Amino acid sequence: MPLTRRRLLTMLPAVGLAAAGIGGARQARAQDPMFFRIGTGTTGGTYFPIGGIIAGAISGPPGLPPCGSAGGSCGVSGLIAVAQASAGSIDNIRRIQNGEFDSGLAQSDVAFAAYAGEGPFAGEPPVTSLRAIAHLFSEFVHVVVPADSPVQSVADLKGKRVSVGAEGSGTIYDMRLILTAYGLKQTDVTEVYERPEPSADLLAEGGLDAMVMTGGPPLGVIADLARRRPIRLLPIAGPEAEALIAKVPFFAQEAIPAGLYDGVAAEVPALSVGAIWLVAERIAEPTVYEITRALWQKSTLDLLAAGHPRGKEVSIDGAARGLGVPLHPGAARYYAEHAVLSLPTQAKP
């Protein structure tokens with residue numbers, strides 16, 4: 001029977017963890033593929049397409065020619081990676097913690113909060129089993145309002161209906177921090193917990209006053225919304241943003257470039273945060289070493305650059321910056337061997 005995607009997914013609960021976590025990647029027999037699950041995000045965000053590209057690139061299904069030959073694979077021999085949709089950063093971390101995912105994409109601020117038992121993870125045991133493979137690219141907090149809205153700043157959102165993202169997304173965490181920085185309490189806005197696509201529909205139809213989405217621009221959902229209804233992006237700048245960056249150093253002040261969305265002709269001051277690739281501590285060191293090697297192959301970088309605008313930003317030069325959690329020993333060994341780290345034990349900034 002051929003190994004179809006449907007059959008692969010039905011096999012994951014039974015063999016996924018054991019195959020991905022035991023022994024080195026190169027030790028797997030051709031008839032015993034290792035399954036490796038990567039949590040991504042909603043289909044309208046950045047994690048989903050980037051995660052899918054990475055999953056395909058690091059996979060090395062049995063029977064393919066070796067790297068460098070015609071039709072060959074530069075992925076991990078015997079490994080089959082599967083990118084799975086999720087609600088986003090918080091959801092991915094919880095599912096890595098409970099063993100449902102082997103790895104996942106997340107915002108660096110959310111990863112740090114989980115590792116430290118803060119923010120959305122307050123009152124819970126810290127998720128100290130999180131490890132990092134790499135920093136990938138920058139994400140930006142988009143606060144979207146109709147172009148004709150009287151809302152001109154985050155402070156003006158008081159009393160408004162605001163979609164802060166789906167439960168389990170990092171957007172919720174970011175927006176609550178931003179509201180606090182602007183002197184608003186969580187109860188000062190009517191929070192709506194929706195995925196980006198339904199949120200955009202509601203905003204277009206007048207059912208929301210604002211929607212928030214953290215992701216690497218251009219975001220397809222917001223681009224589509226701007227074609228249906230004129231929009232503006234609220235600036236996140238000034239002393240409020242500066243105070244927040246001082247409190248949460250994983251944030252940086254950056255502008256969303258001009259011209260990415262219809263009607264948004266000038267750049268908009270915003271906050272950015274790193275998107276990182278997390279992995280469970282339990283995954284074997286040789287396996288993560290090989291995954292890291294496959295990530296930084298030229299063929300993988302070419303696929304990322306061609307597949308998504310944020311993919312052009314993925315570079316080994318920034319792989320170990322702003323992670324918020326320790327590097328996995330397998331990734332640390334790869335970076336030490338390639339002069340990305342001065343010490344293989346370097347963990348977080």
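Predicted model: local features only at pLDDT ≥ 70, side-chain atom pairs only at ≥ 80, totals over all residues.
A crossing of two helices counts as right-handed if the near helix is turned clockwise from the far one by less than a right angle. Keep that in mind for α9 and α11, whose crossing is right-handed.

**The α9/α11 crossing**
- Helix α9 covers residues 285-295 and helix α11 covers residues 329-337; their axes come within 7 Å and cross at roughly 50 degrees.
- On the α9 side, the contact is made by Glu 285, Pro 286, Val 288, Tyr 289, Thr 292 and Arg 293.
- The α11 side brings Pro 329, Gly 330, Ala 331, Arg 333, Tyr 334, Tyr 335 and Glu 337.
- Sort the residues of this contact by type and you get seven nonpolar, two polar and four charged.

**The cavity**
- Searching the whole structure turns up one cavity of 30 Å³ or more, and the largest cavity holds about 250 Å³ of space.
- Its lining has 26 residues, and the closest to the centre are Thr 42, Ala 87, Ser 169, Thr 171 and Thr 214.

**What lines the cavity**
- At least two lining residues each come from α2 (47-58), α5 (170-181), α6 (196-205) and β9 (210-215).
- Strand β9 gives the largest share of the lining, with five residues.
- By type, the lining of the largest cavity splits into 15 polar, eight nonpolar and three charged residues.

Methods:
Residues numbered from 1 in each chain as written. Heavy atoms only, no water. 1 Å grid on protein atoms, 1.4 Å probe; cavity = no way out; pocket = protein on both sides within 12 Å on 5 of 7 lines; lining within 4 Å. Points joined across faces, edges and corners; volume = space filled by probe spheres on them. Helix = DSSP H or I, 4+ residues; strand = E, 2+ residues; numbered from the N terminus. Nonpolar A, V, L, I, M, F, W, Y, C, P; charged D, E, K, R; others polar. Axes fitted to C-alpha atoms, helices over the stretch in contact; angles between N-to-C directions. Contact = heavy atoms within 4.5 Å.
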